[in-house]
Amino acid sequence: MRPIIGITTYVEPASWGVWQDLDTTLVPHAYTEAVTRAGGRAVLLPPDDADADVLRLLDGLVLSGGADLDPALYGAAAEPLTVTRPDRDSAEMLLTRAALAADLPVLGVCRGIQMLAVAAGGALHQHLPDVLGHEKHRPAPGVYGSHEARFTPGSRIAALMGDDREVHCYHHQGVADPGTLIVTGRAEDGTVEAVEDPAHRFVLGVQWHPELYSDQRLFGALVTAATA
Amino acid sequence: MRRPLIGLTAYAQHVQYSGNELMAGMLPMTYVRAVHATGGRAVLITPDDPGTDVLESLDGIMFSGGGDIDPAYWGAEPHPATDIDPARDTAELMLMKAALEMDLPVLGVCRGQQVMAVAGGGSLHQHLPDVIGHDRHRAAPGTDPLAADAAAYGRHDVVTKTGSRAHALLGGHLTVNSFHHQAVDDPGTFTPTGWCPDDQVIEIIEDPRRTFALGVQWHPERTGDLRVFAALAEAAARRAGLARPALAA
């Protein structure tokens, strides 16, 4: 039996075929394909904050990308460009905390690294261009930025990425304070690109999108950890 | 008290949302809300992966609505109006057969009921207007056929067979919504237990030899009548050794 990897989902009005703007739970198929190729069985987890029971089913968890976290979760007031999804926040925070408590392997992607940082007591920059003075992490709507990241020698992410350190990202917020996590990767401009928690079996957050471009390194590591 | 875990078969579909256009694993939230409202915990089972091992971890499964099934599965040529979804066909027929084999509680909705019939060796009418001479089983997308001011299309009665599970669950008669142009012709190993009285189109199939295997042609998740979802949650809870699931407030 393959390890079962849960992937958190968006809830958005979506259109397809004859249907227009139907409230839909969805996640880009690239996540599912990445899990499948890595040898896991993907199941999608619609947000639900009644309890974290669903963890019983899972051998590993992917916190997917998406909208901004509610700044109230890290004690800040919302800035003008912050766009939140309260239903995802409450459900995913519950799930993340329970997964960490159960030492379930967790991979956080984009919004997912931000979720990990906030769950660990950290905080976010609400609009990176205000901090950095450039928009290279989200060059234009629908356009991914690409750059090289620098990784801490000896870290899990350094070992996984090897010499190919190019990453593809699309975000306007970033980790300001990683809380109890350790920052193990940064962009040249100092933006946090990777966090880890050596106290757990496998807790890795990346600000970029490893599910794109068929990059199997991180999903492979998650599935391996979920199999152990 | 933990909730029964209910798998919902999902689409892998090209969708547009919030300015994005991409291939997504997805399902209308109405299904998810129906499962949560009847005391279950919904997880989506994507169609791209044809293995069935995930069933071992579920307490029940619902097969959702969607496109048409490839008529090659019952040895027929495609009708011009037949619009198939091959990835879902492969995955869902395999999941359905495995779920029935292990007697996992199964609910089929619309296409899901048709998957049941085909998995049971049956066949479908590929385009109902050719068979019954009208298109009143297909409401316009986005409409609510059960609304007081709705048109005649997409709403009709269903009568159930005395002594069936459907009858015990739904009574002898109900009014349903309707969004389909295909329907069960030969139910295979299943027993038809509900019909539209106007044209005898099969609306409910079940397998009395199994713990819970029920298919309905309408979309209960789009209504306030979630009795078939509650019955699935209850069967799933029983299988998992849980107490009767609590209906959400």
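**The interface and the cavity**

Counting heavy atoms within 4.5 Å as contact, 42 residues from chain B and 37 residues from chain A take part in the contact. This is a predicted model, in which local features need pLDDT of at least 70 and side-chain atom pairs count only at pLDDT 80 or more, while totals for chains, interfaces and linings use all residues. Residues are numbered from 1 along each chain as its sequence is written, chains are lettered from A in the order in which they are written, and side-chain values use heavy atoms, with hydrogens and water left out.

Between them, chain B and chain A bury about 3,500 Å², of which 58% lies on carbon and sulfur atoms; buried area here is the accessible area (1.4 Å probe) that two parts lose on being put together, summed over both. Six salt bridges are found across the interface, each defined as a side-chain nitrogen of Lys or Arg within 4 Å of a carboxyl oxygen of Asp or Glu, and one of them joins the side chains of A:Asp51 and B:Arg3 at 2.8 Å, N to O. By class, the side of chain B that touches chain A has 22 nonpolar, 10 polar and 10 charged residues.

The count also gives one cavity of 30 Å³ or more, a cavity being a set of points on a 1 Å grid over the protein atoms alone where a 1.4 Å probe fits but cannot get out. The largest cavity has a volume of about 50 Å³, taken as the space filled by probe spheres set on the points. Its lining residues (an atom within 4 Å of a point) include A:Asp48, A:Glu92 and B:Arg41.

Key. 1 Å grid on protein atoms, 1.4 Å probe; cavity = no way out; pocket = protein on both sides within 12 Å on 5 of 7 lines; lining within 4 Å. Nonpolar A, V, L, I, M, F, W, Y, C, P; charged D, E, K, R; others polar.
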